[in-house]
Amino acid sequence: MELGLRNKVAVITGASHGIGRAVALELAAESCDLAICARGLEALEETRREVLAKGVRCEAMPVDVTDASQIAQLFERVTAVFGRLDILVNNAGRARGGRFADLTDEDFISDYQVKVLAQVRCVRAALPLLEKSPAPRIINVNAIVGRVIQSGLLATATHRAACFALNKGLAIELAPKGILVNSVNIGFVLTNQWGASRRHNLPPGKSLEELADEHARGRGTALGRAGRPEEVAAVIAFLASGRASFVTGSSIDIGGGQGAHI
Ligand SMILES: NC(=O)c1ccc[n+]([C@@H]2O[C@H](COP(=O)([O-])OP(=O)(O)OC[C@H]3O[C@@H](n4cnc5c(N)ncnc54)[C@H](OP(=O)(O)O)[C@@H]3O)[C@@H](O)[C@H]2O)c1
């Protein structure tokens with residue numbers, strides 16, 4: 001399928017690992033130029049090298065998306081280097097574990113900053129450029145846990161639910177400018193976020209992938225396995241493309257059938 005992404009410019013937050021990295025490689029394979037960010041520069045540079053090997057341009061910047069001034073610098077750089085922006089992928093984030101009794105005000109505030117406020121700020125900073133694009137797109141990475149409460153993830157669930165409202169509200173408010181806004185809602189995808197702490201402490205005879213599949217089944221994933229970052233990236237590339245020209249305000253679960261909600 002021709003996605004028509006050649007020579008478009010995309011910003012991807014949290015692109016040094018996992019889903020963000022897979023999105024960077026997928027969009028680069030579609031000949032999209034990229035600006036990528038994360039806090040840690042070493043892994044980000046590794047992604048940048050892989051992206052450059054696909055023959056596109058790529059700027060990599062160390063940015064903490066909870067810091068408004070660093071977000072502003074990222075989009076200033078995009079303006080200076082590319083002079084345009086077509087696609088914003090708000091992906092940076094991480095799960096905040098804990099039940100109500102375990103979570104402090106500070107836990108809620110820091111989780112709100114990375115999940116909700118970072119998306120707000122990136123959209124605000126991106127708007128002047130997106131408004132000039134012939135086919136502007138915002139894709140927010142969200143989580144099924146914002147729709148289906150899971151034990152031990154209360155702060156994450158609270159803020160992911162807010163992200164559903166933000167996604168839909170932005171889609172409605174930005175539609176007159178032709179900016180399409182959609183989210184993908186992750187169920188369980190095997191990435192660094194979950195794998196890093198378990199990789200070196202595996203039960204005897206079990207691979208990380210097998211452990212992840214067990215975890216996915218335990219969370220009610222109908223397909224009975226964990227997802228792969230590339231499976232998320234493929235949907236994001238579609239939403240970024242001209243093929244999704246009448247899709248806005250949608251929230252697409254990428255969860256292998258996780259959750260009994262409709
Ligand atoms: N994997 C899942 O099953 C799952 C489920 C639900 C939702 N999600 C969401 O999907 C998104 C991607 O997750 P993932 O599984 O791919 O995680 P990952 O492998 O841990 O990658 C997260 C990426 O975000 C970056 N990041 C984290 N905090 C950041 C910050 N404050 N500023 C800038 N960059 C930041 C990380 O780099 P640095 O640490 O160097 O900054 C890294 O590049 C996240 O929003 C996550 O909450 C994932």
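A crossing of two helices is called right-handed if the near helix is turned clockwise from the far one by less than a right angle, and left-handed if anticlockwise. In the present structure, the crossing of α4 and α5 is right-handed, where helices (H or I, at least four residues) and strands (E, at least two) are DSSP runs numbered from the N terminus. The structure is a predicted model, in which local features need pLDDT of at least 70 and side-chain atom pairs count only at pLDDT 80 or more, whereas totals for chains, interfaces and linings use all residues. Residues are numbered from 1 along each chain as its sequence is written.

The axes of α4 (residues 105-130) and α5 (residues 154-174) come within 9 Å and cross at roughly 15°, the axes being lines fitted to C-alpha atoms, for helices over the stretch in contact, and the angles running from 0 to 180 degrees between N-to-C directions. The two helices α4 and α5 are therefore roughly parallel (under 35 degrees; over 145 counts as roughly antiparallel, 65 to 115 as roughly perpendicular and the rest as oblique). Contact, defined by C-beta atoms, placed from the backbone, within 7 Å, involves residues including F108, Y112 and V116 of α4 and H159, C163 and L166 of α5.

Seven strands form an open sheet in the order β3-β2-β1-β4-β5-β6-β7, with parallel pairing, two strands being paired if DSSP finds at least two bridges between them. Neighbouring strands are turned against each other by 15° on average, direction ignored. Strand β2 (residues 33-38) pairs with β3 in the parallel sense over five bridges, and L34 stands opposite C58 in β3. Helix α1 packs on this sheet, touching β1 (9-13), β2, β4 (87-90) and β5, and the direction of α1 makes about 170° with that of β1.

Helix α1 also packs against α2 (residues 41-52) at an angle of about 15°, with the axes 9 Å apart, and this crossing is likewise right-handed. R21, A24, L25 and A28 in α1 meet T47, E50 and V51 in α2.

The ligand is surrounded by 29 residues, of which G14, G18, R39, G40 and G93 are the closest; a residue is near a molecule if its C-beta atom, placed from the backbone, lies within 6 Å of it. The largest share of this shell, three residues, comes from α1.

Conventions: Two residues are in contact if their C-beta atoms, placed from the backbone, lie within 7 Å.
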